[in-house]
Amino acid sequence: MRLCGSLKFEDQLEQTHGGTVTSSDSTGQVEAEPDPTGGGEPDPSGEPLLELRKLSKHFGPVQALTDIDLKVYSGRVTALVGDNGAGKSVTLKTIAGIHPPDGGQIYWEGQPVHIRTPRDSASLGIETVYQDLALCNNLDIVQNMFLGRERTRRVLMDENAMETAAGQTLSSLSVTTVQSVRQVVASLSGGQRQAVAVAKAVMWNSKLVIMDEPTAALGVAQTAMVLALTRRLAERGLGVIFVSHNFNDVFEVADQIAVLYLGRLVASIPAAHLDRQMVVDLVTTGTTTRDVPGQIRPNGA
Ligand SMILES: Nc1ncnc2c1ncn2[C@@H]1O[C@H](COP(=O)(O)OP(=O)(O)OP(=O)(O)O)[C@@H](O)[C@H]1O
Ligand SMILES: [Mg+2]
């Protein structure tokens, strides 16, 4: 059994990645096959991939989310922005099954679903790339991408198959700066690590990738690489939720911008209809006096 730091793979996943291990038998054989080519086509019918209706969440006296209505589409990057404490992380953790909502309903491909655990979320095809990435520095790229989901060939892990799938996934995302999939993650740059985390997320038939502040710790060139990677996911038909404080990144990558203000969703508008000042207004006051086409609920009312 390989160790990630001092933890077993499965324990490490449960703790840091929200337990995205798919069902496995005692040999570690997984039922789900990785999909190096990524997800499906953009949805032509216009039905949201994910829809939140009147979603609410409180922690004791803290009302973190109130009546959130949000539609997320395949083939589009939806940026989720808001000030500190606005509810961005709680929203994505609700979708990821870490904080089940206490009010409202989640729809997935038009059907009501209950996402109670990270496994529920993963089984729908939702993968979350957390800011800390949940990669194991002491393991190589292949080992990280198959963390807890190792392919087996009789009793031995099929290293060749895993290596091929990991390499194919990275090259299908045009990640060319990584020299070898056998490189230990500790030796990668921040941008390369982010790329491996994203590649890991899209390898498992995922349909929606959620990225929490993916560029926060990155330099200029690495940020450009991650933004390009984010666009590529959408071009391949996946839905993407991109949480960020950086409005330059948001305008570069987003098709749709959704704004949270004090736990309420005050706007969800095509990025082409917004400028930076409007987003600043919405984030800081919950409304804007400028003329914006689309749906705005001033101050969340
Ligand atoms: N586990 C928790 N227990 C209690 N309150 C929480 C918990 N998680 C979040 N909150 C509260 O919910 C609100 C929204 O927090 P959230 O982490 O979603 O903010 P955010 O928009 O991600 O902010 P930031 O930009 O600072 O990351 C905050 O008031 C926060 O204190
Ligand atoms: Mg947050």
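Reply: What follows begins at the ligand, continues into a sheet, and ends with a hairpin and a pair of helices.

This is a predicted model, in which local features need pLDDT of at least 70 and side-chain atom pairs count only at pLDDT 80 or more, while totals for chains, interfaces and linings use all residues. Residues are numbered from 1 along each chain as its sequence is written, and chains are lettered from A and ligands numbered from 1 in the order in which they are written.

Around ligand 1 stand F59, V62, A64, G82, N84, G85, A86, G87, K88, S89 and V90, where a residue counts as near if its C-beta atom, placed from the backbone, lies within 6 Å. This shell holds five nonpolar, five polar and one charged residue; Ala, Val, Leu, Ile, Met, Phe, Trp, Tyr, Cys and Pro are taken as nonpolar, Asp, Glu, Lys and Arg as charged, and the others, Gly among them, as polar. Both β4 (62-72) and α2 (88-95) supply at least two residues of the shell, and α2 contributes the most, with three. Such helices (H or I, at least four residues) and strands (E, at least two) are DSSP runs, numbered from the N terminus.

β4 also belongs to an open, antiparallel sheet of four strands in the order β4-β3-β6-β7, with strands said to pair if DSSP finds at least two bridges between them. Because β4 and β7 (111-113) are at the edges with a single partner strand each, one side of each has no neighbour in the sheet. Within this sheet, β3 (residues 50-59) and β6 (residues 103-108) pair in the antiparallel sense over five bridges, and L50 stands opposite W108.

Another antiparallel pair joins β13 (residues 256-261) to β14 (residues 264-270) over six bridges, with I257 opposite I269. This hairpin has two residues between its strands, and L262 takes a positive phi near 50 degrees.

Finally, the axes of α6 (residues 190-202) and α7 (residues 220-235) come within 8 Å and cross at roughly 15 degrees, each axis being a line fitted to C-alpha atoms over the stretch in contact, with angles running from 0 to 180 degrees between N-to-C directions. The two helices are therefore roughly parallel, a label for angles under 35 degrees.

Methods: Parallel < 35°, antiparallel > 145°, perpendicular 65-115°, else oblique.
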